[in-house]
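Hi,

Here is the structure I said I would pass on. Please open it and follow along with the notes below.

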Amino acid sequence: MDHFPTNWGNPRSEDVDSYNTYPISSHIGKVPHSVTQIAGYGHTTGHPTSHTLQPVVTGTSVLGIKFKGGVMMAADNLASYGSLARFRDVERLHQVADFTVLGASGDISDYQYVKHLIDSQMIKEYNADDGHTLATPNIYEYLWRVMYNRRSKMNPLWNTFVLGGVHQGKSFLGAIDLKGTPYQAPSIATGFGSHLAQPILRKELETRGGEDNITEEQAVEILKKSMKVLWYRDARSMNKFQLAKITAEGVTISEPMSVETEWAFAEKIRGYGA
Amino acid sequence: MFSTYPGQAVIDHPVSAPIEHRFDPYVDNGGTLLSIAGNDFCVVAADTRQSEGYSINSRYVPKSVKLSDKTVISMGGCYADCLTLTKRIQQSMEWYHHAHGKVMSTAAVAQMLSIMLYQKRFFPFYSWCILGGLDEEGKGAVYTYDPVGSYERETCRCAGSASSLIQPFLDNQINFKNQESRQRTLTKDEVLRITKDSFTSATERDIYTGDYLEIFVITNTGVEVQKIDLKKD
Amino acid sequence: MFRNQYDNDISTWSPQGRLHQIEYALEAVKQGSASVGLRSKTHVVLLALKRSSGELASHQQKLFRIDSHVGIAIAGLVSDARVLSNFMRTECMKSKMMYDRPMPGSRLVSLIGDKAQINTQNYGRRPYGVGLLVGSYDEGTGPHLYECLPNANCLEYYAIAIGAKSQSAKTYLEKFANDFETADLDALIMHGLHALRETLQQDKELNLKNCAIGVVGKDHDWELIEEERLRTYLNQLEAGAPTSGDAPTAAASEDLPQGEAMDTE
């Protein structure tokens with residue numbers, strides 16, 4: 001195997017670099033003349049810059065619903081590598097502030113980068129030590145600017161983020177996708193969940209008469225039901241997920257949990273299984 | 001592509017389309033907006049649905065923003081671009097306020113918006129803008145734009161996903177096209193009725209229009225906002 | 001004739017441990033016409049005395065709007081103040097653009113401090129020749145009043161005055177300081193005018209032209225009080241108090257809107 005990561009995906013040229021010494025870092029200024037002539041090797045580091053054109057390790061849906069006094073969010077613990085269930089204990093709900101939780105679907109490395117960005121911002125605020133900090137809407141705006149600027153550079157962060165929180169007595173639930181599209185709604189579901197779970201969430205909100213008529217316990221039940229549907233039908237999901245609750249009291253992110261499922265009926269369906 | 005033996009069906013289109021390995025930074029979030037200028041008032045209206053493909057992201061994402069007591073902007077297209085552009089306009093208006101000690105007039109905002117759009121001529125904001133307000137004489141003014149900044153002042157305009165449904169109706173009902181004999185200026189109530197009818201009708205046929213209708217009425221005394229239900233299917 | 005050897009540039013210490021150029025910059029502030037600031041638990045009021053270079057000249061600008069929740073009053077070089085207010089406006093807009101958050105006054109003031117400090121340490125630079133009073137109403141923490149000086153000192157105050165004869169204004173403010181916290185806006189403005197009047201020259205009066213008032217507070221965006229409204233306050237001032245530059249007498253404070261003013265006597 002070729003152990004130079006920078007060579008991966010690039011065609012090898014025997015004429016130019018017969019001993020495979022190039023590219024190695026710190027070649028600025030002494031790139032062999034012939035190398036610069038290879039198409040795409042115009043960059044000073046000797047490599048073409050690459051942009052994310054597809055996600056690699058991915059997380060599936062994130063769900064969020066408002067209830068009386070707060071917001072409840074759910075995401076499973078799986079990070080897939082294509083169809084491979086690669087990492088099975090990844091946390092995709094992250095507390096970013098006292099009253100704010102970030103949930104991420106899409107590329108996991110991009111998510112971890114964004115998490116780092118926001119955490120850095122929060123540390124900056126904390127160090128100012130002047131009684132001010134970023135509230136949920138402020139973090140949302142910041143996240144939106146980050147996502148929009150990256151898409152404008154044609155180098156997007158391949159995620160859909162969900163931000164849940166409570167600010168000045170009001171619950172906040174918003175999403176931002178890789179093109180920087182922001183929207184807020186009483187219920188949000190990303191990825192496959194936008195097809196499978198969102199209709200369930202919206203129906204619950206509608207039949208119960210809005211977020212103010214949903215209790216914390218009911219919100220948990222609704223999300224568990226939605227996660228079960230996703231586990232049944234979304235092949236990139238896993239029956240191990242976490243719930244995040246954000247209220248005026250603060251944030252609680254649960255331990256991973258699962259729901260009871262029933263597969264026996266599958267045996268009787270023709271063309272399914274054996 | 002070609003038949004290799006007699007009787008084989010000729011396929012005149014490629015069996016598999018090439019995959020584009022390029023990021024498309026734009027998305028059409030749908031939605032319809034409209035503005036009608038009256039003698040001493042202006043109406044700016046837009047639905048509040050935000051869509052992405054066949055999915056509804058949210059039923060309430062306002063498309064119109066009050067810029068001053070005399071000016072309201074409404075935008076449809078790529079929502080991220082629209083929101084960014086709105087912020088830029090607001091900041092420029094703030095600088096104008098600082099520099100000149102007065103609020104920017106509708107005509108000045110109109111000219112500035114054209115320049116802002118054209119400045120991004122080769123990576124445009126994907127946004128259909130309609131600027132509604134009162135001019136220096138207190139008369140209703142509507143300015144309409146294409147995404148790269150061409151603009152003109154009109155009496156009425158509809159833009160966005162249901163514009164092809166509503167605009168012909170407005171041509172007939174507001175500008176009295178093909179009914180020259182009935183030409184007259186409309187009252188605020190008439191304009192509001194036509195606006196509401198336009199949106200309830202468009203909601204029937206356009207899947208990207210619906211949920212709520214938000215109407216801004218700009219008069220000498222300021223800006224009033226009404227929110228009206230549309231069908232949510 | 002004696003010439004100071006230690007004031008040729010900003011970065012040379014005098015044997016007494018002083019930086020003369022910085023002290024000269026502070027003098028520039030003292031030569032500017034006075035500005036007064038005071039604060040209640042809901043509002044900040046900034047007042048300033050505007051000079052004019054002659055009968056045919058306009059009056060200088062002493063109050064600047066920075067954002068809807070921040071305003072400043074200045075004393076010293078107006079041109080330096082304009083540069084600084086431009087900087088502050090930009091910072092406020094950055095905060096709005098990036099976080100959709102009004103810039104907290106304390107952060108704005110420390111940014112100014114950082115900028116001003118560089119001018120006090122690097123050879124070939126010159127400190128700003130202007131003192132600022134920054135009034136802000138912040139989300140969560142309410143009204144604040146800060147003073148920023150060319151020596152890069154930034155401090156928060158309940159009430160403060162800078163500029164020519166500002167000591168007399170400070171004496172007034174100190175005398176009534178206990179009343180400000182609970183005073184309503186009208187009372188606060190009247191206290192401000194009383195303090196500002198202390199800074200006048202012997203034969204001068206406060207009038208519509210030479211007096212500027214700016215207010216910012218709870219549900220109250222930065223606003224200048226001008227023309228008719230200013231006249232009302234000035235009339236009230238004239239009706240209720242002697243015009244001498246001395247500290248207010250008992251008779252003068254009787255007419256203050258705040259009755260408890262007497263208690264401090």
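**The largest cavity**

The largest cavity is lined by N29(B), G30(B), R49(B), Q50(B), V61(B), K63(B), M75(B), G76(B), G77(B), Y79(B) and C82(B). Keep in mind that this is a predicted model. The volume of this cavity is about 70 Å³. In total, there are 4 cavities of 30 Å³ or more.

Which elements supply at least two residues each to the lining? They are β6 (71-77) and α1 (79-100) of chain B. The largest share, 3 residues, comes from β6(B). Sorted by class, the lining has 5 polar, 4 nonpolar and 2 charged residues.

**Where chain C meets chain B**

Now look at the contact between the two chains. Here 9 residues of chain C touch 7 residues of chain B. The area buried between them is about 890 Å². Carbon and sulfur atoms give 56% of that area. On the chain C side, R65(C), M93(C) and M97(C) supply 66% of the area that chain C buries against chain B, more than any other three residues.

How many salt bridges are there between chain C and chain B? The count is 1. R65(C) pairs with E94(B), and the closest N and O atoms are 3.2 Å apart.

**A helix in chain C**

Finally, find helix α2 of chain C, residues 78-99. This helix has 22 residues. From first C-alpha to last, α2(C) reaches 31 Å, close to the expected 32 Å. Just after α2(C) comes D100(C), with a positive phi of about 50°.

Best wishes

Definitions and conventions:
Residues numbered from 1 in each chain as written. Chains lettered and ligands numbered in written order. Predicted model: local features only at pLDDT ≥ 70, side-chain atom pairs only at ≥ 80, totals over all residues. Heavy atoms only, no water. 1 Å grid on protein atoms, 1.4 Å probe; cavity = no way out; pocket = protein on both sides within 12 Å on 5 of 7 lines; lining within 4 Å. Points joined across faces, edges and corners; volume = space filled by probe spheres on them. Helix = DSSP H or I, 4+ residues; strand = E, 2+ residues; numbered from the N terminus. Nonpolar A, V, L, I, M, F, W, Y, C, P; charged D, E, K, R; others polar. Expected span 1.5 Å × (residues − 1). Contact = heavy atoms within 4.5 Å. Buried area = accessible area lost by both parts, 1.4 Å probe. Salt bridge = Lys/Arg side-chain N within 4 Å of Asp/Glu carboxyl O.
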